[in-house]
Each structure stands twice: as structure tokens, then as C-alpha cells.
Amino acid sequence: MPPLLQSFVNDELNRTADLISRTCSTTLEQLRQPRDHLLTSSERQHYFELVQVLQAQQGVYQKAFVEALRRLVMAEMGPATQAEAGSFRTSGLQLMDETRVESDIEISRAIQQIDSAAEWELRELQTFTSTLRGQAHVTAESNPLRPQSYARALSEAGAALPITAAQQSILLRVAATVIGGLLRTAFAAASSRLESQGIEPGIYRTVVIAPGAGRDAPPEMDVTRPGALDGLMRSMPGGGTDAGPGTGSEPRRRTLPTASPALEQALMRVEELLRRMPTGDAAALSAPPAPLRLAHHRAALMATAGETVDRQIIELLSRLFETILSDRTLSAPVQGVIARLQVSALRIALLDPSMLDAYDHPVWQLLDRIVTAATTYPHPYDTRLIALQEFCDKLVQQMAAAPQQDSALYRHSLGRLDAFLADQLRRQQREAEPSVEALVRAEQAEALQRTLAGRLVEQMAHVPASPTLRRFITGTWSHVLTQSVQQHGDQSEQTTGYLKTVDELLWSLKLPDHPKSRQRLLELLPGLLQRLRDGMALVQLPPAEQQAVFDELMKVHSDALRPGARAAQSNARPDDQLTPEEIVQRMREEPQPELPEPDPLDGSAFSDSLIDLASLETVPAALMDSVEPGSSADEATQWVRHMALGERYRLFLHGAWACVQLLWRSEQGRFYLFAGELPQQTHSVSLRALERLRAEKLLRPLHEQPLIQRAVDGLLLNLARPG
């Protein structure tokens with residue numbers, strides 16, 4: 001890390017405490033503002049509680065923000081080390097479901113809010129940080145003080161407070177709006193300080209735009225249109241006014257050595273220089289040599305070309321490769337691989353008119369496949385990237401030794417690369433088998449729980465119960481039954497005990513008004529309550545929710561244990577004043593009439609309908625997902641379900657964008673497993689979560705356009721720049 005950049009970042013981080021202090025004060029003012037006409041009663045309660053907590057624990061919030069921002073900024077200042085990349089291991093399966101990605105969605109919105117509020121000041125600061133890094137051109141990545149770091153630090157600070165998830169979302173939204181305005185001033189002040197120190201902003205130097213940088217709009221020139229590349233080539237300056245015979249509308253074939261021996265000799269000299277470039281680890285550890293790019297030798301090559309069309313082809317190809325090699329996300333070895341293909345690609349363009357007629361020519365396809373695969377592995381010590389680099393180095397060396405440079409050679413090389421990538425995918429899938437097995441069990445559990453919940457809903461249709469108890473029985477207890485079946489089996493003592501608990505619990509909620517019933521309830525309660533506690537522990541139900549259920553049951557059972565007719569008894573207190581102990585004592589003294597046994601043929605007996613788990617293969621129709629055709633949710637669903645194994649995507653998870661590769665989807669399509677940016681790192685995401693991310697544009701292909709389209713976009717942008 002350059003010392004000047006390190007000093008600048010440290011100085012800015014030292015100012016963070018004042019920044020978050022002012023953010024916190026203004027956020028409290030914003031939260032206190034009356035907005036009754038916009039909020040429901042529950043939302044107003046959230047705001048009130050949030051103000052109370054934030055006011056009491058400002059120190060905790062501010063300290064958490066400062067620590068999180070420093071950690072995130074330092075992580076942005078350099079890639080993972082070899083030790084970090086090699087020592088990574090997955091720490092258990094963590095499924096990202098719809099609830100958990102809501103936090104990521106809020107963070108992405110906070111990033112957009114901060115970015116839009118301080119957009120111009122941030123761009124100006126990037127021109128200075130590019131200089132501090134010693135870059136020849138300006139990039140957003142040069143500045144480690146990025147909007148995403150501030151948004152994630154705000155999110156972590158909110159998580160440090162004892163507030164609910166809904167309150168964390170409210171706090172993040174308001175604080176992001178506040179800090180965005182403050183950062184606009186802070187970034188402008190930082191640029192002024194750097195300028196006063198004599199730092200020259202990089203905007204005054206040459207600026208090269210990488211492929212597709214900032215190009216969310218439709219491309220200016222669509223390369224899929226027939227003849228688009230050929231038309232772009234003809235717009236290139238030819239180094240003279242002589243159109244020559246090669247400028248007609250019809251392309252022509254010729255043998256290069258016969259047509260221009262001088263150009264062939266010049267190409268051989270450039271090819272020899274490129275062949276001397278270091279490969280593999282040597283390229284990663286050394287600075288790129290001078291003859292890295294064909295553009296460095298453009299003038300010499302054009303001077304030997306006898307025809308205008310040749311000079312135009314040289315101009316176009318050298319500029320396209322210049323744009324492709326400006327992608328700073330590519331490691332030095334991969335840039336070297338692309339660079340060593342420059343002369344070969346130029347030879348084919350000079351001899352094969354189809355290369356400039358079709359965007360899907362084998363030359364473009366091979367380059368696209370290499371760049372796409374390499375982009376997925378951003379860490380230079382990733383073993384997958386190293387293996388890819390070594391394979392591509394050997395592939396390019398063999399291509400250079402081929403007697404004939406033509407489309408067939410590239411088509412054959414493309415097949416070999418695809419075979420290598422397919423083998424690499426299979427290897428990652430084998431390494432991820434433990435996660436796959438866990439997800440298979442999770443999908444089976446989800447299907448079983450949904451079915452059990454449907455049966456429980458049916459059983460509770462005519463049972464009087466409070467919302468708390470109804471949610472507990474249909475939701476929590478269906479989870480308990482599912483876990484017991486998976487861990488112990490459907491015929492185990494534990495599972496049958498939890499099934500019996502359902503029968504007893506539902507019976508106790510509609511207790512017949514008989515003394516025998518009350519006596520039986522007394523006998524059942526100790527075992528019933530113990531099994532309830534065991535089930536709650538099995539699914540790790542939070543203590544607060546456990547207590548809420550037991551409080552509800554205490555109320556229901558206390559009412560059920562009161563005798564139905566006690567008004568005629570003299571010298572007795574009203575029933576509503578009896579203690580539970582007195583109620584029990586009275587019940588013991590009551591006559592015990594016979595209680596009819598339940599009819600075994602009665603279809604309402606829950607155990608009889610549930611114990612045969614083989615009958616639970618389908619999900620009740622009422623619980624199936626329903627999406628309106630043509631809706632945005634339906635479009636997201638269709639997009640996600642058409643994701644292909646092995647394809648690479650950009651996914652916003654854990655508050656940051658990541659390059660991932662789809663390794664596996666479950667049989668029913670409810671769970672997906674992705675390879676992450678580090679070796680053996682995986683992300684397991686539910687279908688619903690992916691649909692939410694896609695709807696929010698937080699899931700997209702790794703590259704929206706093929707490499708040649710991105711290169712043309714970058715080329716046109718560079719040509720449009722003044723100077």
C-alpha cells in the first residue's frame with residue numbers, strides 16, 4: 001500500500017468519530033419528528049422505542065460504527081493474503097432465506113442513498129486516490145472509502161443495539177440519508193486537503209475506461225447486428241487517404257506473407273516480444289513488461305501495412321485489446337494470457353473476414369470464456385485461479401506453436417477450455433457434497449413441515465385458541481415434529497411422544513365440562529408440560545416465546561379447572577378468586593362421573609391421521625406458493641428457475657457484491673448452492689431469497705453483455721473523451 005494513501009486513509013478514519021457523532025444527533029432529530037399521518041400505530045411504537053434506545057446507548061452505536069468502518073476500509077485496501085485464501089474453511093451450513101436477505105436489501109438501498117447524495121464529491125475524490133495509488137487512470141476501486149463500507153458500518157452499528165429487526169431497518173434508512181449529506185461535505189473537504197498538499201488529481205492524466213464500466217444503458221453499438229464490427233473497423237483512421245482496393249463493401253481473402261512481407265515480419269517481432277513475458281507466478285509478482293499491449297506497437301505495425309483496410313484492422317484490434325486489458329479485475333497472469341493472443345487474433349482478423357462479421361466468432365468466444373472464468377476468482381492466491389492460469393498458459397503456448405492460426409484452432413482451444421472448466425466445476429461440486437446433503441435434508445424437512453402445518457391447521461379449525469397458541473401449534477410444533485422425525489425416525493419414542501402431545505394439547509384447549517375431564521387434565525399436565533419444554537429445546541425456541549406460550553396455557557388451563565357450577569355453594573369465594581391450589585383441591589373432592597372414551601373411528605383424532613408419515617408426500621394446495629402471472633415476482637421466479645448449473649453470477653449477500661458460480665439446485669428447486677470467491681466457500685440460498693434479490697436487481701449475470709460488446713462500449717467511450 002503506497003504510504004501516501006495509507007496516511008490519507010488513516011487521517012480520514014481518525015475523523016470518523018466526529019462524523020458518526022453528528023450523524024447520530026441528526027438521526028435522533030429525524031426520528032423525533034412527528035409523522036403520525038404517515039405511520040401506523042405499530043410503526044409509531046417502533047419509532048418511539050428506537051429513539052429511547054438510541055438516546056440511551058449513543059456511545060455503543062458510535063463505537064460499533066467506528067470499529068466496523070475501520071475493519072471494512074482496511075479490508076478494501078488489499079486483497080486476501082495467501083494464508084487467508086488457503087486457510088478458509090466453511091463453518092457449517094448457513095442458509096440465506098427470505099428473512100435474512102431483507103437486511104442485505106436494506107444495506108443495498110443505504111449504499112444507493114449514500115452514493116447518490118455524495119456522487120460528484122466521491123468522483124472527485126477518486127481522481128486523487130488514483131494518483132495516490134500510482135494508477136495511470138481513474139477507477140472507483142482506487143478509493144477504499146466507499147459508500148458500501150459506510151452503509152455496512154451503519155448496519156453493524158444498528159445490530160449492536162437491543163432493537164428489533166424492523167427497528168434496525170428504520171434506523172439504517174434514516175441514518176443513511178443523514179450520513180450521505182455529511183459525507184458529501186467530508187469528501188469535498190478531503191479532496192481540498194489533498195490538493196493543498198500538492199497531489200495532482202488523476203483526471204488531468206490519461207483516462208482509460210475498462211470494458212463495460214458504468215454501462216447500464218443499452219449499448220451505443222450493438223455488436224449482434226450483422227456487420228457492426230466491420231462497420232466499426234471502417235470508421236477507424238487508416239493512417240492515410242488512399243482507400244485502396246480493400247475498402248470496398250465486399251470483404252476479401254488473401255495470404256498475408258504474399259501481400260505484405262513487411263507486416264508479417266513486424267508481427268513476428270511483436271510476437272517474439274510477447275512470448276518473453278513472464279507467466280504464472282512470475283507474472284503475478286512482477287510489473288507488466290513494456291510490450292504487454294499491441295497498442296504499444298500500433299504505429300510500427302501500421303507503418304508496414306500497405307493497404308488502408310489493414311491499417312484499420314490493426315487500429316481496431318489494438319484498441320479493443322487495449323480496452324480489454326484495462327480491466328483491473330484481471331490478475332497479471334490472466335492479462336498476460338490475453339496479451340499473448342493479440343498477434344494471433346490480429347492475424348486471423350487480417351485473413352478471415354468472418355471475425356469482423358460475427359460477435360460469436362471463436363476468437364471472441366475464447367477470450368470471453370477466459371475473462372469470465374478469471375473474474376469469478378478475485379483473489380490472486382485462489383487455487384482455482386492458479387489452476388486456470390496454468391491451463392491457459394499451456395493452451396496459449398500450444399496455440400502459438402500451431403502451424404496454422406485460424407478459426408478451427410480457436411474452436412478446438414475453446415472446446416479444451418470448456419472441458420477444463422467442466423472438470424473444475426465437478427471438483428467443486430464434490431467438495432460441496434456435505435453442504436448438498438444438508439440442503440437435501442433441509443428441503444425434505446421443509447416439505448414435511450409444510451405438510452404437517454397444513455394438517456395442524458385443519459385439526460385446529462374448530463379448536464378455540466389464542467393467536468399465540470395457534471401460531472405455536474401450527475408453526476413451532478410442526479417444526480418440532482419435523483426435527484424429531486429427521487433425528488429419531490417417525491416410529492421413535494420421541495416422535496410418538498410429540499405426536500401424543502398434540503392430541504393432549506388440543507384436547508386440553510376444548511376440555512369438556514366434566515369433573516372427570518378436570519381430573520384427567522391434572523394427571524396429564526406434568527408430562528404434557530415436560531414434553532412441551534423438550535420440544536421447545538429441540539428447535540431452540542427463544543425463552544421469551546416459550547414464556548408467552550406457557551402464560552397462555554396457564555390462563556386456559558386455570559379457567560378449565562374451575563368447576564362449572566359453584567354459585568349455590570355457601571361460604572365459598574367466587575371462582576375467579578380461587579387460587580390454583582384451591583381449584584385442584586375442590587376438583588379432587590368432586591364426584592367423578594364416567595367420561596366416554598374417544599371413538600377410535602373418529603377422524604378428528606390427530607395421531608391417527610399423522611402417525612402414518614408415508615401419507616404426507618404432498619403439500620396442501622392452500623399452502624402452495626401463488627404468484628400472479630405476469631407480475632414482477634413471477635418474472636423474478638422464472639429468471640431464477642432458469643439459472644443454469646455452472647453459470648456465474650453477481651450476488652449481493654452479507655452486505656457486499658460477490659462473484660459466485662451455481663453448483664447445485666435441489667430437486668424441487670427450493671434451495672441453491674453457489675461457490676464463493678474463496679476456495680471451499682459456499683453460499684446456500686433459498687428460492688424465495690433469490691427471487692427477492694432478483695426483484696431488487698441484486699442478482700444478475702456476472703456479465704450482462706459478452707466481452708466483445710463490453711470492449712466496444714469501452715472503446716467508444718474512450719474515443720468520445722476529449723484529448
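Which residue forms a salt bridge with R369? The partner is D418, and the closest N and O atoms of the two are 2.7 Å apart; a salt bridge here is a side-chain nitrogen of Lys or Arg within 4 Å of a carboxyl oxygen of Asp or Glu. The pair links distant parts of the chain, with R369 in helix α18 (residues 362–375) and D418 in helix α20 (residues 407–431), 49 residues apart. Helices (H or I, at least four residues) and strands (E, at least two) are DSSP runs, numbered from the N terminus. R369 is partly exposed at a relative accessible area of 27%, and D418 is partly exposed at 30%. In these terms, buried means under 20% relative accessible area, exposed means over 50%, and partly exposed lies in between (1.4 Å probe, protein chains only).

A word on the model itself is in order. The structure is a predicted model, in which local features need pLDDT of at least 70 and side-chain atom pairs count only at pLDDT 80 or more, while totals for chains, interfaces and linings use all residues. Residues are numbered from 1 along each chain as its sequence is written, and side-chain values use heavy atoms, with hydrogens and water left out.

The structure holds 21 salt bridges. One of them joins E156 to R71, with the closest N and O atoms 2.6 Å apart. E156 lies in helix α8 (residues 147–159) and R71 in helix α4 (residues 58–76), so this pair ties together parts that are 85 residues apart in sequence. Both partners are partly exposed, E156 with a relative accessible area of 30% and R71 with 45%. The side chains of E446 and R670 also meet in a salt bridge, at 2.4 Å from N to O. Here E446 belongs to helix α21 (residues 433–459) and R670 to the loop between β3 and β4 (671–675), 224 residues apart. E446 counts as partly exposed at 25% relative accessibility, whereas R670 counts as buried at 17%. Salt bridges that share partners also join E102, E106, R109, R173, R692 and E696 into one network.

Attention now turns to the strands. Strand β2 (residues 648–653) is mostly covered, as five of its six residues are buried. Two strands pair if DSSP finds at least two bridges between them. β2 runs antiparallel to strand β3 (residues 656–665), joined to it by six bridges, and it pairs in the antiparallel sense with strand β6 (residues 699–701) over three bridges. R650 has C659 as its bridge partner in β3 and stands opposite R700 in β6.

β2 and β3 form a hairpin with two residues between them. Within the turn, H654 has a positive phi of about 55 degrees, and this residue is partly exposed at 42% relative accessible area. Most residues other than glycine have a negative phi. K697 also has a positive phi, near 60 degrees. K697 lies in the loop between α29 (687–695) and β6 and counts as exposed at 60% relative accessibility.

A further loop, between α15 (308–324) and α16 (332–340), contains S326. This serine is buried, with a relative accessible area of 4%. A polar atom of the S326 side chain lies 2.7 Å from the backbone oxygen of E322.

How values were computed: A polar contact is a pair of N or O atoms within 3.5 Å; within protein, one must be able to donate a hydrogen and the other to accept it, and residues adjacent in sequence count only if both atoms are side-chain atoms.
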